[in-house]
Amino acid sequence: MKDTFKHQGMRQKLVETLIKKGIKNNSVLKAIGKIPRHLFMDSGFIDHAYQDKAFPIAADQTISQPYTVAFQSELLQIKTGDKILEIGTGSGYQCAVLIELGAKVYSIERQQELFKKTFKFLPKIGYRAKKLIFGDGYKGLPDEAPFDSIIVTAGAPFVPNPLLSQLAIGGRLVIPVGEDVQVMTMFIRKGPKDFEKHEFGKFRFVPLLEDKN
């Protein structure tokens with residue numbers, strides 16, 4: 001669980017890469033520059049931790065590419081104290097970024113192996129979500145709604161209606177939609193039944209699976 005000057009230097013290089021790729025939000029860049037991403041991966045792969053690429057973790061999932069994490073985080077426009085629902089806790093890296101940005105995070109993971117691991121791991125390195133839940137992300141978390149933002153970190157073949165309905169007015173849902181390749185999509189809730197939709201190009205995610213618990 002060491003974070004050395006070498007790791008910090010590698011992180012700064014990663015931040016420079018993200019700036020070159022168009023990430024502008026200073027808080028997001030600062031979070032990526034601070035969080036020890038190598039601790040979220042198996043120790044044998046430390047050299048890969050600060051390259052801008054996705055990497056396999058347990059349960060056939062991946063830790064998302066840093067650019068993707070930064071891009072989704074930037075779209076959310078998080079303010080301190082925002083209540084955020086994350087669908088797909090995974091390694092916990094995106095969750096840590098959201099917490100670093102000042103969000104109160106409720107995160108759902110449907111892979112039990114990953115859930116158990118991340119549930120123990122995040123508090124160990126100082127990141128405490130409001131709630132980490134083992135469950136089906138398609139259903140969202142109606143008991144805790146509404147949310148200021150919802151972020152989905154797996155490719156969804158369609159947009160789950162429960163997630164749209166759990167957004168606060170003015171809230172944002174950022175979700176990669178599609179089968180093999182996904183289009184990063186953002187919905188802003190303008191009224192009870194009124195949503196504004198924006199699309200931001202193609203990304204590749206592991207699939208968001210339904211009722212697989």
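Predicted model: local features only at pLDDT ≥ 70, side-chain atom pairs only at ≥ 80, totals over all residues.
Where is the place of Pro-146? Pro-146 is found in the loop between β5 (131-134) and β6 (147-152).

The peptide bond joining Ala-145 and Pro-146 is cis, and its omega is about 5°. As background, most peptide bonds are trans, and most residues other than glycine have a negative phi. That brings me to a second backbone point. Gln-77 is not a glycine, yet its phi is positive, at about 50°. Gln-77, too, is in a loop, the one between α3 and β3 (83-87).

Now the aromatic rings. How many aromatic pairs does a search of the whole structure find? The search finds ten. I will go through two of them. A pair of rings is described by two values, the distance of the centres and the angle of the planes.

The pair I take up to begin with is Tyr-67 with Phe-71. Are they buried or exposed? Tyr-67 has a relative accessibility of 18% and counts as buried. Phe-71 is buried as well, with a relative accessible area of 14%. The cut-off for buried is under 20%, so both values qualify.

The other pair is Phe-115 with Phe-119. This one is also tilted, with 5.4 Å from centre to centre and 40° between the planes. Both residues belong to helix α5 (residues 112-124), where they are four residues apart, about one turn of the helix. Phe-115 is buried, with a relative accessible area of 16%, whereas Phe-119 is partly exposed at 44%.

Last, charges and rings. Which ring does Arg-37 lie over? Arg-37 lies over the face of Tyr-93, 5.5 Å from the ring centre. There is also Lys-83, whose charged end sits over the ring of Phe-147 at 5.6 Å from the centre of that ring.

To recap the backbone part: the cis bond is between Ala-145 and Pro-146, and the positive phi is at Gln-77. That is what I have for today.

How values were computed: Residues numbered from 1 in each chain as written. Heavy atoms only, no water. Phe/Tyr/Trp six-rings, centres within 6.5 Å; stacked < 30°, edge-to-face > 60°. Buried < 20%, exposed > 50% of the residue type's maximum accessible area, 1.4 Å probe, protein only. Helix = DSSP H or I, 4+ residues; strand = E, 2+ residues; numbered from the N terminus. Lys NZ or Arg CZ within 6 Å of the ring centre and 35° of its normal.
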